[in-house]
Amino acid sequence: MRRTFTFASLRRMKRGEGVTGWAWLVFALLALADWVAVWRRQDSIRSITKPGALLALIAVAIVLEPFDPGIRTIFVAGLALSLAGDVFLLLDERWFVAGLASFLLAHIAYIVGLVLVPVEWWAAAVGIGVVVAAFGLVGRRIVGAVRGGDSPQLVGPVIAYVAVISAMVVAAFATGSAWAAGGALLFFISDSVLAWDRFLASTRWGPVTVMITYHLAQAGLVAWLAFG
């Protein structure tokens with residue numbers, strides 16, 4: 001019975017890896033298509049590729065073999081909130097705050113999942129240093145630009161968002177995992193470029209940089225589910 005169970009488990013594991021591999025491939029293709037669509041400013045295509053990439057990544061998170069099923073459930077919730085944020089940001093300007101709120105809640109979900117593993121204090125200290133340096137170099141200027149710009153009412157939401165994503169970065173570093181830390185740091189970079197492009201100086205390469213770092217960030221966080 002033990003041998004039969006082992007072989008059956010092995011076959012199920014191989015089938016699961018095959019499904020996960022296909023889901024990763026679909027995600028990669030949709031993400032790449034979205035980057036091209038962003039560069040070419042093909043908004044009609046992006047209505048498919050942008051949410052499609054996150055749906056594929058949600059599928060990856062669901063079918064992979066996680067090191068902790070409970071954390072996987074929390075991360076799927078974070079991915080679903082990110083998907084909602086993606087959809088809101090595809091709409092017109094009035095939905096920007098809804099998109100911001102969706103991603104803020106997604107980061108809270110990620111924080112909840114990340115803090116469920118033992119803390120590597122040296123790595124947490126590195127994360128704090130990274131966040132403090134990033135705010136000094138970029139975050140402070142973005143908040144100042146929002147305060148002195150056309151939408152000063154966004155100062156509160158932007159500060160709250162910066163605080164939450166900073167906490168997410170520290171929590172990711174504290175896991176001691178390169179996957180988690182890299183994913184969180186790329187998320188911070190993506191949102192920093194987005195805010196810089198929106199509130200300070202718009203550039204041709206800004207939007208595509210946002211999406212490349214965003215998709216790689218989400219992929220890194222999902223990979224952490226598998227590798228721990």
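Contact here means heavy atoms within 4.5 Å. This is a predicted model, in which local features need pLDDT of at least 70, side-chain atom pairs count only at pLDDT 80 or more, and totals for chains, interfaces and linings use all residues. Residues are numbered from 1 along each chain as its sequence is written, and side-chain values use heavy atoms, with hydrogens and water left out.

Lys 50 is found in helix H2; helices are DSSP runs of H or I, at least four residues, numbered from the N terminus. Beyond its neighbours within four places in sequence, Lys 50 is in contact with Asp 34, Asp 86, Leu 89, Leu 90 and Met 211. From Lys 50 to Val 130 the C-alpha to C-alpha distance is 29 Å, and the two are 80 residues apart in sequence.

Arg 41 lies in the loop between H1 and H2. Its phi is near 60 degrees, a positive value in a residue other than glycine. Most residues other than glycine have a negative phi.

The table gives relative accessible area (1.4 Å probe, protein chains only), where buried is under 20%, exposed over 50%, and partly exposed in between.

| Residue | Relative accessible area | Class |
|---|---|---|
| Lys 50 | 6% | buried |
| Arg 41 | 60% | exposed |

Helix H2 (43–63) is also one of the helices that each supply at least two residues of the lining of the largest pocket. H7 gives the most to that lining, with ten residues.
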